[in-house]
Amino acid sequence: MDPLSDVLAMLTVSSTLSSRFEARGRWAFRYGHYASHIKLGCVLEGRFRIQVDGATAPVMLEAGDFFLLTNGLPFSAASDPPGPLQDGTRLSREQRGPDGVLRHDGLDASDATRVVLASGRFALSGEAGELLLRHLPPLIHLRASDPGARPLVGLLDLMGWETAELRPGSTLARTNLAALVLVQALRVHLANAQQPEGWLGAMTDARIGTALSRMHADIAQPWTVERLAQTASMSRTAFALRFKALTGSTPLDYLGGWRMTVARHALRHGDEGIARIAERVGYQSETAFSAAFRRAVGESPGRFRSQVRAEAAAAV
């Protein structure tokens, strides 16, 4: 399994694509901070502009384009030209219809071109969510014309159809459709970004990406920097320097961190014995694993599992 698939498989994703926005005229909405999720949208009709706080200029999105907002910063969305700025969150609550569609008439709406968006969000709470989110840019803009975007273009019609009205099984269909869009959007972003930052950039690097893939494919292996450098066809020193430059971690620190991510996921979501988890993530004994886990997490594996289960029981 490749590193991105590994991370996506460990995410606890509550993905829904249940929102549709239809507007005419001139309008502008502002949205505040949000946390632990990715906002997804696609333009079904018309065009509009979006700007994340701190960005130098707004981004214009055309029909067929997709966007992902990833880091929780406030942002604004507006027609072109824009109307008076309003609170988007409040307006969503007040104007959304029973069919889930938010319809809005702005200034000069009578003869204006309609803008239609399908949107939703991915709430991320899995062990690997932080790893993914911290290496994504705040706004990902995917054009229908981008290389590799053809599957997204095909999904566009389905998204428009599913969000146009309530149908039997729509919740399941929208959830699965949203998950497909997330995976494909990340693929297109990685394929077209000049040089993705951090861990994502490491995955797309021909040599470091090979080492990462080998590491993820068999984390129980007693990897050394020398062996990983060999998989990348690099010298030990050159490999270690480039790995840290791209990921921010040394190769063995990254490996140890990923082992703990896998272990926390197993403890949180399964009944596998601690000794078996220790073996699966590369520790020769339960004692060595427990010591490493305590250093990384601050408590023993057994206590971590007990607390997770107690929290889950309290939430029911």
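The model is predicted, with pLDDT of at least 70 needed for local features and 80 or more for side-chain atom pairs, whereas totals for chains, interfaces and linings use all residues. Residues are numbered from 1 along each chain as its sequence is written, and side-chain values use heavy atoms, with hydrogens and water left out.

Asp 146 is located in the loop between strand S11 (139-142) and helix H4 (150-164), both elements being DSSP runs numbered from the N terminus (helices H or I, at least four residues; strands E, at least two). Its side chain reaches the backbone nitrogen of Arg 143 at 2.9 Å. Not counting residues up to four places away in sequence, Asp 146 touches His 141, Val 188 and Asn 192 (heavy atoms within 4.5 Å).

Strand S11 runs antiparallel to S6, joined by four bridges, with Leu 142 of S11 as the bridge partner of Phe 66. Four bridges also join S6 to strand S3 (residues 37-45), again antiparallel; pairing requires at least two DSSP bridges. In S6 (residues 66-69), Phe 66 and Leu 68 point one way and Phe 67 and Leu 69 the other way, and all are buried.

Definitions and conventions. A polar contact is a pair of N or O atoms within 3.5 Å; within protein, one must be able to donate a hydrogen and the other to accept it, and residues adjacent in sequence count only if both atoms are side-chain atoms. Buried means under 20% relative accessible area, exposed over 50%, partly exposed in between (1.4 Å probe, protein chains only).
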